[in-house]
Amino acid sequence: MGLFTRKTADAANGKPGIYAALEIGAAKTVCFIVKMEATLTGPRPRVVGVGHHSSAGMRAGGVVDIDAAASVIRAVVDNAERMARHAVSEVSLVTTAGSPASERVSIEAPVSGREVSERDRNRVLSAGLQQCARPGRAMLHAMPVAWRVDDNRGVKDPRGMAGRSLAVDLHVISADADPLRNLMNAVAQCRLEVSEVIASPYAAALSVLAGDEALLGATVIDMGADTTSLAVFADGVPVHVDMIPVGGNHVTRDIARGLSTPVHAAERIKALYGSALDSPDDDRAMIEAPPVAAGPDAGMNQYPRAMLNAIIRPRLEEIFELIRYRLDAAGLSEASGRILVLTGGASQLPGVVELAGRVLRRQTRLGRPAAIAGLGDALAGPGFAASTGSLARHARAPAEILSGPPRFITAASARRVARPASQSGPSAIWRWFAESF
């Protein structure tokens, strides 16, 4: 997939372009406008416009009120445009809408002892995309994980190599089509075109993984408001993404119920006093919480901090145990490596990193976004990892074989792609993916 948005007229003439990335989550909506600056080491992104606001009309990564969501998107993009002094018409959309999930297939084809050609490579990739076409799904990313020529594994590019067979492990990330369409419709109401969709956990991982972590094997957990998503990297490429519908807002609502206090007060109490771990003075330290239906003369209720932490910890343990279950179910317990990186707004609660390390039995750290020129300190925290990951993507992302907006797979198109090779042929399949929609 392409980088950010399509180039402006200036960029098409060889001048640095202006691009926009838009992240829409349950808690916040963020827009970055970026100018690609020419440097001696190649193009480098600089943030020239920023807009962010609390989201509306969103729940668990999906739209529940298109008009409300569009209103926030419009305001956020307008703020970024005013700061950048540049209007944008296209955006790269970063989201968990449609619950992005992975499918990995292995495809092998004979090459009869001759050198592998571009046509052979495309033929194998086309067959892999054919196997992953599912009605009601939208393809977001597709990338070769590993090539093999005969018994030679770990081939980076098979073209020009001689052998009897060519094989590829292909990783495809797709999402449910309807929730994604609803979100894209909200963006379209703001007279913006979606040039591509980037899965949030994938973007967050590109932002926070450092050095050789992706090569050695690492799991990134992006803890959002309504969802927690994960991305697994091995040998420098993403091999799995997944999402569970539990996040920081669930912790807040647990506190509101446990302390019989309003949700907004529970959020403040969580941020000021909450922890995932116990401390020696928790039984003596008292916190105050307003009652749910407080009258003008109502006093504050008092609770020991130990009670607050006893509410917080089980929900966080549930999140990490679900992550462990998903990794085991995907057969990635070993491939996911010994490195665990937490990011996202909900990861900043004290003790979360230590608790995750205990439950998942991994070396764990808090992940902060990679440094990007023009990005202020206020936007350089874990809560903005997915947004900034979309900006760093040109330098860190592995090669992909899809470009442009997501491919929405209908029952008719899936049947067309699923025809035997004798009827449609690999070239027809590749043309369908490259030119449809």
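Predicted model: local features only at pLDDT ≥ 70, side-chain atom pairs only at ≥ 80, totals over all residues.

Local features need pLDDT of at least 70, side-chain atom pairs count only at pLDDT 80 or more, totals for chains, interfaces and linings use all residues, and side-chain values use heavy atoms, with hydrogens and water left out.

**Stop 1: the largest pocket**

Select Met223, Gly224, Ala225, Gly345 and Ala346. Of the 37 lining residues, these lie nearest the centre of the largest pocket. A pocket here is an open set of points on a 1 Å grid over the protein atoms alone, where a 1.4 Å probe fits, with protein on both sides within 12 Å along at least five of seven lines; lining residues have an atom within 4 Å of a point. The space inside is about 720 Å³, a volume being the space filled by probe spheres set on the points.

Now colour β1 (18-24), β12 (218-223), α7 (248-259), α8 (263-273) and α11 (385-391). Each supplies at least two lining residues. Helices (H or I, at least four residues) and strands (E, at least two) are DSSP runs, numbered from the N terminus. The lining has 17 nonpolar, 14 polar and six charged residues. Gly counts as polar in this scheme.

**Stop 2: the second largest pocket**

This one has a volume of about 480 Å³. Select Pro144, Val145, Ala146, Lys156 and Val237, the closest to its centre among 22 lining residues. β8 (137-149), β9 (152-155) and β14 (237-244) each give two or more residues to this lining. β8 has the largest share, with four. By class, 13 lining residues are nonpolar, two polar and seven charged.

**Stop 3**

Buried means under 20% relative accessible area, exposed over 50%, partly exposed in between (1.4 Å probe, protein chains only).

**Stop 4: Leu272**

Leu272 sits in α8. At 49% relative accessibility, it counts as partly exposed.

**Stop 5: Asp282**

Go to the loop between α8 and β15 (286-289), where Asp282 is found. Asp282 is buried, at 3%. Its side chain makes polar contacts (N or O atoms within 3.5 Å, one able to donate a hydrogen and the other to accept it) with the side chains of Arg305, at 3.0 Å, and Asn309, at 3.1 Å.

Methods:
Residues numbered from 1 in each chain as written.
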